[in-house]
Amino acid sequence: MRRLPSFLPRCSPASPSALSGLIVLAVVLVGCGGSSVDSVSIDGSSTVFPLTEAVAEEFMEDSQGARVNVGVSGTGGGFSKFLRGETAINDASRPIAPNEIEKAEANGIEFIEIPVAYDGLAVVVHPENDWASCLTAGELREIWKPDSSIERWNQIRDSYPDRPIKLYGPGTASGTYDYFTEAIVGEAEASRSDFTASEDDNVLVQGITGTETALGYFGLAYYENNADKLKALSIDPDERDGGAPCVTPGAETVKNGRYRPLSRPLFIYVNPAKITPTVEKFVTFYLQNADELASDVGYVAMPDDAYELALQRFQDRTSGTVFGAEGVDATGTQVEEMLREAAEGTAPSDTVAAE
């Protein structure tokens, strides 16, 4: 999914600085007209990156002369920059965390929380794995918890073969790692450490496809782009979370909330102090086009009303968090309902505006 932008203006040959931007996976979209405009600075989640990249490309085509820079530092790394005031927008594959809210308060940084699409996390195995088709949330917890002693498949179920498990997952800077550990283990960042980790999901795909006894997880879009060489397991939420047993991840089960607890909203966070005319136009364009572009890059569009409510939240400059508020379970969240409750003042919200 981390591809170079498919659209670049046909200008003169790239300068060294432009080439450098491409090397670090930045999407640099520069108009050829020579007009001077402010740019949009974005960093954060590798999961949200394909959607933001697609929006940036379309925005550039629609707004000649605009410039958008999209970096990929992971959700946590992106928040670190965002909360230092270095970027206008942070891509996030999880809600802002309590320690990040505290840092925002300490640094006097406000933020507008905007959901942009749904995603699910896929738990995947090698396609020649013919013994596992569905795991429960409880079994996943036993596999991934910090003190797990599970090293072989038959330690999960007696019917599974006595073969070693090779685990793959996102690195600790990834919002997908944070989300999975919170949804499955019960605490963000609580995980065993003896697994092959990478913030680059393509590395995880390669590792799992090359290991017959592998088990791993990453965003649903990355699975769907590699479905010909991976096998996705169904998930049974068991007694810890309501829902139908053994639900297969997919657009419909993510959107209707049945794929629990591994379906989630994706976000952008906007610093209102950095909303220039170009940032204003970009975020508005994002919310007006994300439904179509989300499907194009493998994610699940939110309902139309959810995008309208998110746009209203941005236009009203409503700062603070709904999805990261204390006691809120964002797994399998129905975004439209939560945004409407927030607009009506009936949902929990932690406002971090600094006076």
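A residue counts as buried under 20% relative accessible area, as exposed over 50%, and as partly exposed in between. Keep that in mind while we walk through this predicted model. Take Arg317: its relative accessible area is 32%, so Arg317 is partly exposed.

Now step back to α11 itself, which covers residues 304-315. With 12 residues at 1.5 Å a residue, this helix should span 16 Å, and its end C-alpha atoms are 17 Å apart, so the two values agree.

Which residues of α11 are buried? They are Ala306, Tyr307, Leu309, Ala310, Leu311, Arg313 and Phe314.

**How α11 meets α12**

Two packed helices are described by the angle between their axes and the distance between the axes. For α11 and α12, the axes come within 9 Å and cross at roughly 35 degrees. The crossing of α11 past α12 is left-handed. On the α11 side, the contact is made by Asp305, Ala306, Leu309, Ala310 and Arg313. On the α12 side, Val335, Glu336, Leu339, Arg340 and Ala342 take part. Sort the residues of this contact by class and you get 6 nonpolar, no polar and 4 charged.

**The disulfide**

How many disulfides does the structure hold? There is 1. A disulfide is a covalent bond between the sulfur atoms of two cysteines. Here the partners are Cys134 and Cys246, with their sulfur atoms 2.3 Å apart. Cys134 belongs to strand β6 (residues 134-136), while Cys246 is in the loop between β11 (234-236) and α9 (251-255), so the pair ties together parts that are 112 residues apart in sequence. The torsion about the S-S bond is about -95 degrees, which means the disulfide is left-handed.

Is Cys134 buried or exposed? At 8% relative accessible area, Cys134 is buried. Cys246, on the other hand, is partly exposed, with 40% relative accessibility. Cys246 also has a positive phi, near 50 degrees, without being a glycine.

**A cis peptide bond at Pro261**

Most peptide bonds are trans. The bond joining Arg260 and Pro261 is cis, though, with omega at about 5 degrees. Pro261 lies in the loop between α9 and β12, and its relative accessible area is 0%, so Pro261 is buried. Pro261 also shows how chain distance and spatial distance can be looked at side by side: Pro261 and Phe180 are 81 residues apart in sequence, and their C-alpha atoms are 8.9 Å apart in space.

| Residue | Relative accessible area | Class |
|---|---|---|
| Cys134 | 8% | buried |
| Cys246 | 40% | partly exposed |
| Pro261 | 0% | buried |
| Arg317 | 32% | partly exposed |

Methods:
Residues numbered from 1 in each chain as written. Predicted model: local features only at pLDDT ≥ 70, side-chain atom pairs only at ≥ 80, totals over all residues. Heavy atoms only, no water. Helix = DSSP H or I, 4+ residues; strand = E, 2+ residues; numbered from the N terminus. Expected span 1.5 Å × (residues − 1). Buried < 20%, exposed > 50% of the residue type's maximum accessible area, 1.4 Å probe, protein only. Disulfide = S-S within 2.5 Å. Axes fitted to C-alpha atoms, helices over the stretch in contact; angles between N-to-C directions. Left-handed = near helix turned anticlockwise from the far one by under 90°. Contact = heavy atoms within 4.5 Å. Nonpolar A, V, L, I, M, F, W, Y, C, P; charged D, E, K, R; others polar.
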